[in-house]
Amino acid sequence: MSFAWTSKLALAAGLAILPASGWAQSVTISYLTHWSPETVALLEAAAKDYAKTNPDVSVTVRAVPFGDLLTTLRSQGGSADGPTIGGIYDLWLPELARDKLVAPAPDAVASEVKGAWPVGVVSAASVGGKLYGIPNEIDVYALNYNKALFKQAGIAAPPKTWDEFKDAAKKLTNKDAGQQGFGMINSWAAGVVHPFASLLVSNGGELVKDGKPVLDSKQAGETFQLYEDLVKSGASVPAMATADANTTGPFLDNFVSGKTGMIIMANWWESALKTGMGDKFTDIATAPIPVGPSGDKPHSISYSWMTVVNANAGQAEQKAAWEFLAWLNNPKSGRSGASAMSDILMSMGILPSRTSDIEAHKDKLGSEFLSGYVSVLADAKPFPVVPGGQEFSESLQQTIEALQYGQVSAKDAQATAQADATSILERAAK
Amino acid sequence: MIQRYRASAGIMLTPAATLIGIFILLPMLLTVWLSFQDWSTQTPFSSASFIGLDNFREIFGPTSVGRDFKGALTNTAIYTALSVVLILPLSVTFGLMVYQHDVAGGTALRTVLFSTYMVPMIAVALVWSKLYSPSEGPLNQMLGLVGVGPQPFLSSPRSALISIVFLNVWQQVGYFTVLAIAGLTQIPGSLYEAAKLDGANRFEQFRFITLPLMRRTLLFSAVIAIINAVQVFEPVALITQGGPVGSTNVLTYHIRRVGIERAQGGLGSAMAVMLMLSLIVVVCALFALANRKDQE
């Protein structure tokens with residue numbers, strides 16, 4: 001064979017191998033979230049930044065409504081082509097880990113997380129001592145109130161006890177103006193159960209203790225009774241409390257339009273309030289959950305979110321996903337010592353959970369709205385993360401909604417809630 | 001000769017029979033089999049374990065599983081009955097209006113009626129959720145103009161399901177009007193002429209000619225309307241999420257929640273089997289009633 005022919009063959013072989021070797025190295029990972037388009041744009045921008053130093057990794061972002069997130073993870077997470085990364089609510093983790101839909105974190109990631117996040121947050125992202133996700137946000141509940149409506153009603157300060165709370169709710173109610181004192185939420189499990197649970201823990205009670213429901217306690221009975229009293233007195237109007245699949249709807253509309261005096265909600269809805277209220281957002285303030293007759297001091301409920309990796313994705317995709325997540329949550333990826341993830345979260349008013357991120361965002365966390373949430377974080381109790389937790393939550397939601405609409409008494413609601421929870425948690429534990 | 005004919009008929013039927021077997025019968029049989037198993041949808045079929053009628057006992061039992069299922073079954077039945085009761089008379093009424101040759105704008109009316117059926121449910125759900133909005137919704141504003149106070153629509157367990165039924169009727173009535181018109185065209189005009197000569201008025205013509213001769217069309221419309229109504233999912237998933245107090249929690253939505261969200265495949269399959277059986281019973285009863293009328 002002549003030299004010219006040898007050269008041509010070598011060139012042809014080289015050209016054939018070149019793209020193949022390039023394809024072999026490039027990895028595409030997908031990120032499933034329930035965030036709004038504006039927040040998805042921030043995540044996509046962060047992925048672009050990552051691609052500058054990692055041109056072989058391409059990250060695509062897909063968003064679904066919150067109501068469809070778990071279904072999407074369950075229906076698509078069992079395949080290698082499903083989302084590589086998913087943002088999940090900690091309540092879902094035990095069952096997703098049991099069903100082997102999420103992969104345990106590699107040792108390097110696990111040791112980094114254990115050193116950089118608070119212990120309680122790390123434990124919510126772990127099952128059986130094994131870390132499954134990188135925690136990102138922490139949400140806590142507090143009392144939001146409309147200062148302008150308080151002023152009109154002649155109320156000087158937010159209520160500290162349930163008696164003051166009921167009194168304020170009564171004063172803030174104006175049926176002729178379509179105004180309610182305290183806004184409950186319905187048609188959305190967390191929106192119903194978390195405010196109820198916040199009042200319960202602020203009354204010294206608990207939802208679940210040592211894996212068993214304790215809704216038959218005196219404290220729980222008083223909390224159910226509080227709901228019945230508020231509805232019967234007209235201070236809470238259930239028809240003003242509906243939520244939709246995007247966790248917005250009439251309950252939000254009524255608060256932003258000044259028709260609800262007080263509501264118990266988590267910090268993450270800051271961006272929704274700002275969008276809905278514009279300049280009037282300054283009317284909204286945050287206070288600790290009022291203390292019940294059996295409580296000692298204000299408590300509330302907290303929960304966390306984390307990013308997990310699809311256990312059925314290819315090895316290369318899983319490795320690329322963990323590396324991307326490690327970068328996204330690293331203090332060097334964002335601004336001024338904050339992680340890129342925390343910058344995204346803070347754009348929505350969501351508290352980041354990494355210790356260094358809380359320090360880096362100290363100024364913004366000191367705002368009038370968010371500082372109220374930061375101040376109650378230390379005494380917040382994590383929402384119980386147990387197998388069957390989602391079903392338990394949905395069942396309790398139904399009972400509380402039935403109480404809101406006057407279909408059952410507080411006493412019957414308590415008995416039903418305890419019986420249902422016992423049956424659900426026992427079945428899930430088997 | 002007959003044997004050869006049978007063989008060739010068998011060969012020609014095989015492709016269709018195979019496709020029906022694989023894509024229709026097999027999934028149905030699989031669902032029935034799973035309804036007797038304890039099985040998580042996240043695990044292979046091989047992990048399913050036989051538990052007899054336990055799933056059925058559970059869904060008809062007194063626990064939250066049973067209460068939710070029975071509630072969803074009742075909601076589906078109410079939704080279906082109301083949908084059929086409203087859609088059929090409306091479709092016949094609109095069909096008669098559009099079919100009258102002497103009514104001006106009949107074609108335009110037919111187009112408008114059918115156009116609602118072509119609008120995707122996502123758009124219908126978005127628009128109707130705003131129409132029903134208790135605070136700034138146009139429906140309440142219009143009611144306010146005639147002195148009626150604001151209605152809760154989707155925000156009350158008493159009215160939420162009915163509100164979803166109206167949305168369904170609005171979207172589907174155009175399609176059923178087209179079916180009604182097709183039925184009307186099959187009635188010979190000579191019957192009406194003879195009736196007129198005998199002195200029958202418009203109502204009597206409708207009562208003794210139109211309705212009896214449209215029975216087959218109405219039966220077909222009723223069956224399709226029932227099947228469509230039983231399968232309702234999108235408006236519930238998009239607007240109400242089954243609430244408030246489970247008042248719009250229909251079976252398809254509930255099965256999705258149990259079978260996929262909670263991964264309780266056995267329970268979900270038992271619910272699906274009950275839905276299928278209920279549908280079969282209702283449709284068979286409808287056909288039996290129609291056959292009895294025919295024999296009479």
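What follows is a sequence of stops in a predicted model.

**Stop 1: the two chains together**

Begin by displaying chain A and chain B in separate colours. In this model, 33 residues of chain A are in contact with 30 residues of chain B. The two chains bury about 2,500 Å² between them, and 46% of this area is on carbon and sulfur atoms. How many salt bridges lie across the interface of chain A and chain B? The rule finds six there, while a search of the whole structure, over all chains, gives 22.

**Stop 2: a salt bridge between the chains**

Select B:Arg262 and A:Glu391 and show their side chains. They meet in a salt bridge, with an N to O distance of 3.7 Å. B:Arg262 belongs to the loop between helix 12 (251–261) and helix 13 (265–295) of chain B, whereas A:Glu391 is in helix 18 of chain A, so the pair joins two chains.

**Stop 3: a second pair and the network**

Next select B:Glu58 and A:Arg427. Their side chains form a salt bridge at 3.8 Å, N to O. Now extend the selection to A:Glu391, A:Glu394, A:Arg427, B:Glu58, B:Arg257 and B:Arg262: salt bridges that share partners join these residues into one network.

**Stop 4**

On the side of helix 9, select A:Ala189, A:Val192, A:Val193 and A:Phe196. Their counterparts in helix 18 are A:Ser393, A:Glu394, A:Leu396, A:Gln397, A:Ile400, A:Glu401 and A:Gln404. By class, the residues of this contact comprise six nonpolar, three polar and two charged.

**Stop 5: salt bridges within one chain**

In chain A, select A:Arg98 and A:Asp99, whose side chains meet in a salt bridge of 3.1 Å, N to O. A:Arg98 counts as partly exposed at 43% relative accessibility, whereas A:Asp99 is buried at 8%.

In chain B, select B:Asp54 and B:Arg57. The N to O distance of their salt bridge is 2.6 Å. Both residues lie in helix 2 (residues 54–59) of chain B, three residues apart, which is about one turn of the helix. B:Asp54 is partly exposed, with 36% relative accessibility, and B:Arg57 is exposed, with 55%.

**Stop 6: a loop residue in chain B**

Finally, centre the view on B:Ser47, in the loop between strand 1 (37–38) and strand 2 (49–50) of chain B. This serine is partly exposed, with a relative accessible area of 38%. Which residues does B:Ser47 touch, not counting residues up to four places away in sequence? They are B:Asp38 and B:Trp39. To complete the tour, draw a distance from the C-alpha atom of B:Ser47 to that of B:Gln37, 10 residues apart along the chain: the separation is 9.5 Å.

Key. Residues numbered from 1 in each chain as written. Chains lettered and ligands numbered in written order. Predicted model: local features only at pLDDT ≥ 70, side-chain atom pairs only at ≥ 80, totals over all residues. Heavy atoms only, no water. Contact = heavy atoms within 4.5 Å. Helix = DSSP H or I, 4+ residues; strand = E, 2+ residues; numbered from the N terminus. Nonpolar A, V, L, I, M, F, W, Y, C, P; charged D, E, K, R; others polar. Salt bridge = Lys/Arg side-chain N within 4 Å of Asp/Glu carboxyl O. Buried < 20%, exposed > 50% of the residue type's maximum accessible area, 1.4 Å probe, protein only. Buried area = accessible area lost by both parts, 1.4 Å probe.
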